[in-house]
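Hi there,

Here is the structure I promised to pass on to you. Have a look through it first, and then read my notes below.

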Amino acid sequence: MIVLEKRPQPSKAWSYATPLVAVLATMVFGGLLFAILGKNPVEAIGTIFWEPLFGEFAFYYRPQLLVKGAPLVLIAIGLSLGFRAGIWNIGAEGQYIMGAIFGAGAGLAFYPLDAFYIFPIMVIAGAFGGWLWAMIPAFLKVRFGTNEILVSLMLVYVAEQMLASVSLGLLKNPEGFGFPGSRNLQSYDSAHNAELIAGSGMHWGVVTALIAVIFSYVLLNRHMLGFHIRLTGEAPRAAKFAGVNPARLILFCLGLSGALAGLAGMFEVSGPSGVVSIDFNVGYGFTAIIVAFLGRLHPVGILLAGGLMALTYIGGEIAQSQLGLPAAAIQVFQGMLLFFLLAFDLLTNYRIRAARSEVA
Amino acid sequence: MKFTTLLASAAMALGLASGAMADEKTKVGFVYVGPVGDGGWTYEHNKGRLAVEEEFGDKVETVFVESVPEGPDAERVMTQMALEGADLIFTTSFGYMDPTINVAKKFPNVKFEHATGYKTAENVSVYSARFYEGRAVQGHIAGKMTKSNIIGYIGSYPIPEVIRGINSAYLHAKAVNPDVEFKIIWAYTWFDPAKEADAATVLIEQGADVILQHTDSTAPQAAAQEAGNVVTFGQASDMSEYAPFPRVSSIIDDWAPYYIARTKAVMDGTWESANTWDGIREGMVAIGEISDAVPADVKEEALALKAAMAAGEYHPFTGPIKKQDGSDWLADGETADDGTLAGMNFYVEGLEGEIPQ
Amino acid sequence: MDLGEINPVLLVASLMVAATPLLLAAIGELVVEKAGVLNLGVEGMMIVGAISGFAISVETGSPWLGFIAAAIGGAVLSLLFVVLTQVALANQVASGLALTLFGLGFSALMGQSYVGVKPPSMGDIHIPVISDIPVIGPILFQHDPILYVGIALTAAVWATLKYTRVGLILRAVGENHDAAHALGYKVIKIRVMAILFGGACAGLGGAYISLIRVPQWTEGMTAGVGWIALALVVFASWKPWRALLGAYLFGGITVLQLNLQAAGVAIPVEYLAMSPYIITILVLVILSADKSSAPASLGRTFHASH
C-alpha cells in the first residue's frame, strides 16, 4: 500500500516543479480532450500556450496579458491577506463593481472639465467604493458575528443590480440615444487611464498591481501586522496570546481587499473598458479567488498565477477562432489546469512512500 | 513565467511555430456575446454564419469566438481576428460598439459590421432588425386571442429595443381590443431561464392569458403549456416544439440574407459603410408559422398586416399616437422617424407603470 | 397598482417550486459541511446534473430515469472533488471553484446536441378530492413528485443527523476529525460518502431546473443558483429545517418581487430585483444572535499522521 507522509518542511524543489508537472499533465489530458473533439491536440495546445507569447502576433498579445492579468493580480493580492488570516471575502466581484461605479461616477461628475486632479480623485473614489462595499460584511461580522462569506457573496448580486440601475439611469450617456451605458471615459482625457507607453499594455492598474505585490510581500515578511495575519490563520489561539485584535484584523483585511478590488474596477472602467454598462463585470472577482489559491497565497505566486490565467484566456480565444474549439472546451481545459495544479501540490507537502507492514 | 518560457522554447525546437496562412479565401469573423448553444440570440447569429459558409463554400472561411464579454475582451478578440487576416468582422452585441470603433480605426482595410449600435465609420456599418414590425403582428393576434384582456409581457432590461416592442405590441392589441391591459415584468437579467419561468407563472396567476416575451428561453412556453389555456409566441427562434399551442406564432431573427449579402459585397469589392435597419420586407424579421390554434379570420388579418408591412404600405407607428403622459407624439397619418424609434424611452398612451430608470 | 391581483395561495404554491432546486442543493451541501468539508463546486455539480438529467430523460423518455442520471452525474463530478481534497489533500476552496469552472465547461460540451429540444414532462401529482381542497390543495397537494422528494430529503437528513449513529459519526467527523479518527472512525470514508451525497443532491437540484422548472437545456442555465444554495447553508446555521425555511424565504421574495412588478407596485424595479439578497442579509444578521456555529473542522484538510 502507498501512504503519504507529511514532510517536516514543504519541499522547495517540488514547490517549483509541481506547476511544471501540472502544466504538462494538463497538456496531455487537455490534448486528449481536444483529440476527442476532433482537433489536432499538438496544434491546439501549441496555440494556447505558444501563440500569445511567441507567435506571429505576440507583439499584440504580450501587452494584452498585462491588461488581462493586472486586475486578477490586484484583487487576488488583497484577497490573499484575508485568506491567510481565515477571513473569507468571496464578494470581490461586488467590490470591483462598486469601485468602478464610484470611480467612473466621480470622473463623470466633472465632465467636461479638463483638470489634472480628476484622475487622482477617481482613484480615491474607486478605492473608497470597494472599501465601503467590503466594510458592510466587515462591520456586520465585527458587530454581530455575521458570516462574512454569505454577506459578501450576497452583496455581489446587489452590486450587479446597482450596476444595471446606474447604466440605465444615473450614469447613462446623455448623448447615447437612450441606450444603456455611460459616456466613454477613453474619450475624456482627464479621466482616461491611458497606456503609459502606447502599445505596452502598461496602464496605472498594472503599475498598481505590481506595487501591491511588493507591498504585500513586505507586509507579510517584514511587518508586525503581516506576522499577525499569518499567525491568526495558522494558530488562532497563539494569535490571541500574542495580543492580536481580531476585530481590527477583520476590518483591515476586508477593507484592504475591498479597496484593491475597487481600484481594479476603477482602473478597468477608466482604461481598457471605458464605459459603465450592465455587463461591465466579467468575473474577475471570482477568478481572482482561484488565482490567489493557485499562487498559494504568496505574492510572487499570485503574480505568476495571474499571468498563467491570463495566458489561458487569451490563448483560448486564439484557439477558438483559429481552430474552432468551443469556448466550453477552453473552460474545461482551465478547470483541468487547476485540478492538476492543486493535486500535484500534494508532492510539495507530502512524501509518497510504500507502506511498511507496521500500520498503526 | 518559467514553465511557459520553457515550453515555448521546446515548441520552437520542434518547429511548431505556425503563421497565418494567406490565401484567396475571404475570411469572415463573428464575435458572439453568448454561447452558440443559447438557443436564442447567439444561436441565430451562428445560423447566419453557417448560411454564409453554405452559400460560398470554398471561397469563404468563417471563424468565431463565443461568450466574449463586452469591453476589452471583445476588443482583443476583434483585433486578433483582424491580425489573422479577417476581411469582414460581424460584432453581434450592442456592448461591442466602442470596441468595434476602436479596432476599426487600427485596421482601415478590414470591414466591420456592428449589430444594434449607432456609431458608424468609413469601415464600420451598423445593422439591426425592425423587430417591432413582428411585435405588431403579435400584438394583433394577442389582442384577438385574449379572453381575460390581460396580456403579460416579460422584458429583460428597459432598453429602447424592448420598449419599442412593448409599444408596438400594445398599440396593435389595443386597436383590435380596446379593453386590453398589459402587465409588464422586467427580469433585470439577459439570461436566467428559471427567473423567466417564474415571471411567466406570476403573469399567468395574475390573470394573463397571453404571454409575450423579450427574453430568449422557452421557459414561458412551458409555463403556458402547464397552465393549459395561455397563448405564447416564440422569440428569437421559432420554438416550434411548443406549436401549435401554446406557441401560436413567433418572431425569428433571420440574419442569413444580410450576412450573405455583406460577404458578397466584400468579395466583389463593393462594400460600403451603411446603416441598415431591415424588417419584414427584407426578410431580416420573419414571422413563424401561425398555427391552427388561431382562428382563420384572425390569421388572415395578421397575414394581411404582415403583407402591408412587407410591401412598405404600413408603418406600425402611424399617428395619431400620444405618449403615456398624454402629450402628442405623432399627428394623424404621421409615421415615427427612425431616430426617435432607435432611442425610444417612453411608453405610449394607455400603458401603465413607469419605465425603470 | 392592484395588490388584490396577487393570489396568496398561488404565490405560496409557486414559491415552493422556485425554492426546490435551492433546497435540494442546499441539503446536500449541508451534509457535506456537517462532515467538515466545504465544497464550493455546487454550481458546477448542479449544471452537470441538469444536462445529465436532461439528456437521459430525452433519450429514454422517462423523467424519472433522468433524475436518477442527474444524481449520478452530480455525484460523479463530485468524485473529482473527492480525489483532490481527500486523496491529494488539496485546498477545498480552490478545488470547489475549479469544480465549478470545469462543470460549466463540461456540461456545455455534453449539451451541444440538446439545445432546442423539449424534454418529456413529469406532470403533477393529482390526488382526487385532497388536491381539490381550497387553499390547502393547491399549496400542498398539486406539485410535481420531485418537490416532495426535496421535502422528504430534508426530513430524512434531519432525522439521520439527529437520531442515528451514522449522523452522530458524521457530526463527530465534522467537529473534530482527529478525535473521530482516534475513536476509530474512518474519517476519509465518511467524508467521501458525504461529498458524493452532496453531489447527487446538487445534480437533482440542477435537473429540477432543466426538467421541471424551465424545462429546457441551455448552457449555463443554472445562472448562479448553486451559489445561493451555498449561502443558504450558512444562513440555515447547518440545520435542515432552517434550510427549508431559508429556501422558501428566498424563493418567496423572488416570486413576490415579480408579483409586485406585475401588479404595478410603484417601487423601482431594480430595488425589487435586489430585495431577495438584501433581505437574506438582514435575516442573517438577526439570526447571527444564534451562536450555534459552523462545524469546527469545516474546510480543514484531514491527514492521518499515524
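What distance separates the centres of domain 1 and domain 2 of chain B, taken over C-alpha atoms? The separation is 30 Å.

A quick word on conventions: this is a predicted model, where local features need pLDDT of at least 70, side-chain atom pairs count only at pLDDT 80 or more, and totals for chains, interfaces and linings use all residues. Residues are numbered from 1 along each chain as its sequence is written, while chains are lettered from A and ligands numbered from 1 in the order in which they are written.

Back to chain B: domain 1 covers 23-129 and domain 2 covers 131-253 + 287-342 (the bounds come from an automatic or database domain assignment). Nine residues from domain 1 and seven residues from domain 2 make the contact (C-beta atoms, placed from the backbone, within 7 Å). On the domain 1 side, helix H2 (residues 41-56) of chain B gives the most, with three residues (helices are DSSP runs of H or I, at least four residues, numbered from the N terminus).

Now chain A. The axes of helix H3 (residues 58-84) and helix H7 (residues 204-222) of chain A come within 8 Å and cross at roughly 30° (axes are lines fitted to C-alpha atoms over the stretch in contact, with angles from 0 to 180 degrees between N-to-C directions). H3(A) and H7(A) are therefore roughly parallel (angles under 35 degrees). Among the residues that meet there are A:Leu66 and A:Leu74 in H3(A), and A:Ala209 and A:Val213 in H7(A).

Enjoy exploring!

Note on methods
Helix = DSSP H or I, 4+ residues; strand = E, 2+ residues; numbered from the N terminus. Parallel < 35°, antiparallel > 145°, perpendicular 65-115°, else oblique. Contact = placed C-beta atoms within 7 Å.
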